[in-house]
Amino acid sequence: MLKARFGDAVVELQSEGFSPAFVVVAPAAVRDVARFLADDPALSFDSLMSLSGVDYKDRLAVAYHLHSLAHRHAVGLKAFLPTESPELPTVDDVWPAANFHEREAFDLFGIVFTGSKDLRRILLPEDWEGHPLRKDYKYPDFYHGIKV
Amino acid sequence: MSNDPAHGRPPAPPGHGAAPAPAVGPEAHVLVGNADLFVNWSRKSSLWYLLFATACCGIELMQAGASRYDLDRFGAVFRATPRQSDLMLVAGTITHKMADRVKRLYDQMPEPKYVIAMGSCANTGGPFYKDSYCVVKGVDLLIPVDVYIPGCPPRPEALIDGILRLQKIIMKKKNVYGAKA
């Protein structure tokens, strides 16, 4: 159904070994697909259960876990991003809960969600350098004069 | 009468109570000691600690303060502001983001002030000692610590023991009154 509607923006369906099945979409189409998944009455994924960043070393990914309280079904949404300058449209107007999750992914992975209402670091101090959950993250020696 | 106020009765202020205390004899309310002893005794008997916890050790701290373990009986009650506190119980993990706040709270406490590092995280970073970018590896990197209590988290008995040890340390302080220590 998604393939018919969004065409090439839907890259693949990961169903083997994934529960729920993941739909891999092009980064630019994430927002439109999310809006469709949330608003379509047959799907009505009204709950964003989690939004996580993943680092596969050669590329980054953002995984969305969606759940529908009305239909009691779930699906995953995934977008792969380049390690350099990872950018993704925000979904915080589709699910307001996305904002904190996006801030966390930005804080720890450096993934920029364009159009976000409020994209700041959420866990680490404002003046922290780097994004610690990246695989290539180098620990700082000192922070504010205290050995890390 | 005993001149050890740690186990003796407190001196009755003049004019306090219904019947005046006899001037001599075993019932006389007289204590003999130097200024250090009295100042230290009053300090150790009113260790007001800062109501401040950053992790699971705070739950044990609450237990110690509640009725079953009753820290009140040692004169240790919590204060909700650093400006009224004598003792900072660092109960829990201190992250680098929290470190500036801990330092600021400590700086706001009036002298004399004491610090007890409660639990493994406050002592050394605990389970986060290795491979953690965000946890301070021991609160003694920030502020001076008087007593370390091991445990993850320490039981209330251990916390009470730590406070009693701090009271012993306080009683040994010299030249606390007037002259420079």
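Me: Are A:Tyr137 and B:Tyr133 buried or exposed?

Reply: Both A:Tyr137 and B:Tyr133 are buried. Buried means under 20% relative accessible area, exposed over 50%, and partly exposed in between, with a 1.4 Å probe and protein chains only. The model is predicted: local features need pLDDT of at least 70 and side-chain atom pairs pLDDT 80 or more, while totals for chains, interfaces and linings use all residues. Residues are numbered from 1 along each chain as its sequence is written, chains are lettered from A and ligands numbered from 1 in the order in which they are written, and side-chain values use heavy atoms, with hydrogens and water left out.

Me: Why is the pair of A:Tyr137 and B:Tyr133 called edge-to-face?

Reply: Rings of Phe, Tyr and Trp (its six-membered ring) pair if their centres lie within 6.5 Å; planes under 30 degrees apart count as stacked, over 60 as edge-to-face and the rest as tilted. The ring centres of A:Tyr137 and B:Tyr133 are 6.0 Å apart and the planes stand at 70 degrees, so the pair is edge-to-face. A:Tyr137 lies in the loop between β7 and β8 of chain A and B:Tyr133 in the loop between α4 (119-124) and β5 (147-149) of chain B, so this pair joins two chains. Helices (H or I, at least four residues) and strands (E, at least two) are DSSP runs, numbered from the N terminus. Together with A:Trp128, these two tyrosines form one aromatic cluster.

Me: How many aromatic pairs does the whole structure hold?

Reply: A search over all chains finds four aromatic pairs. One of them joins A:Tyr56 and A:Phe80, with 5.8 Å from centre to centre and 50 degrees between the planes, and is tilted. A:Tyr56 sits in the loop between β3 (47-55) and β4 (59-68) of chain A, and A:Phe80 in strand β5 (residues 73-82), 24 residues apart.

Me: What makes A:Phe80 count as buried?

Reply: The relative accessibility of A:Phe80 is 17%, so this residue counts as buried. A:Tyr56 has 37% and therefore counts as partly exposed.

Me: How do you know that A:Asp107 and A:Arg121 form a salt bridge?

Reply: A salt bridge is a side-chain nitrogen of Lys or Arg within 4 Å of a carboxyl oxygen of Asp or Glu. The side chains of A:Asp107 and A:Arg121 meet at 2.5 Å, N to O. A:Asp107 lies in helix α3 (residues 98-109) of chain A and A:Arg121 in the loop between β7 and β8, so the bridge ties together parts that are 14 residues apart in sequence. A:Asp107 has a relative accessible area of 0% and is therefore buried; A:Arg121, at 11%, is buried as well.

Me: Why is A:Pro41 called exposed?

Reply: The relative accessible area of A:Pro41 is 66%, so this residue is exposed. A:Pro41 lies in the loop between α2 (30-39) and β3 of chain A.
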